[in-house]
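Here are a few friendly notes to read beside the model. Keep the structure open and find each residue as you go.

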Amino acid sequence: MNNKQTKIRNLQELKTEIARLKELKNEQEAYLKTQFTLFNNKIEAPIRFFNSLKNNIPGVNIIQQLFAKSNNPDSDWLTKTLRIGVPFVMNRLFLKNAGMLKKR
């Protein structure tokens, strides 16, 4: 950074200094924009890794649906839990020996 102070003696020098400062501002904005983009990519890398790992684990989407906000205003946590829990209980307790077609 060049922080030396220059004495401006006339209008032409003032206009030249204004143009130089505008160019310096544009260069610094471009630099900060690229640094911000690089920083965001570094921050998002672990999130992308976690999401790809999460997509490979079966049953995670069911748990996500349980805690996700619903568009239905009547849907609360009990409704979501029963939507997942009732088929599980039915398959485990009452339909143990039933074929796959009867369970679904």
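1. Start with R48 and E44, which are four residues apart in helix α1, so about one helical turn separates them. An α-helix has 3.6 residues a turn, so residues three or four places apart point the same way. R48 and E44 form a salt bridge, with their closest N and O atoms 3.8 Å apart. R48 is partly exposed at 47% relative accessible area, and E44 is partly exposed at 39%.

2. Please keep in mind that this is a predicted model. The protein chain has an average pLDDT of 80, and 79% of the residues score at least 70. Helix α1 (residues 11-55) has the highest mean pLDDT among the elements, 93, while helix α4 (residues 100-103) has the lowest, 55.

3. How many salt bridges are there by this rule? The count is three. Another one joins E29 to K25, where the closest N and O atoms are 3.9 Å apart. E29 is partly exposed at 46%, and so is K25 at 44%.

4. Now look at E17 and R20, three residues apart in helix α1. Their side chains meet in a salt bridge at 2.6 Å, N to O. Is E17 buried or exposed? E17 counts as buried because its relative accessible area is 18%, under the 20% cut-off. R20, at 41%, is partly exposed. Beyond its neighbours within four places in sequence, E17 is in contact with T6 and I8.

5. Finally, visit helix α3 (residues 77-94), which reaches 24 Å from first C-alpha to last, close to the expected 26 Å. A kink of about 30 degrees lies at G85, shortly before the proline P87.

Terms used:
Residues are numbered from 1 along each chain as its sequence is written. Side-chain values use heavy atoms; hydrogens and water are left out. pLDDT is the predictor's confidence in each residue, from 0 to 100. Helices (H or I, at least four residues) and strands (E, at least two) are DSSP runs, numbered from the N terminus. The expected span of a helix is 1.5 Å times one less than its number of residues. The bend at a residue is the angle between axes fitted to the seven residues ending there and the seven starting there. Contact means heavy atoms within 4.5 Å. A salt bridge is a side-chain nitrogen of Lys or Arg within 4 Å of a carboxyl oxygen of Asp or Glu. Buried means under 20% relative accessible area, exposed over 50%, partly exposed in between (1.4 Å probe, protein chains only).
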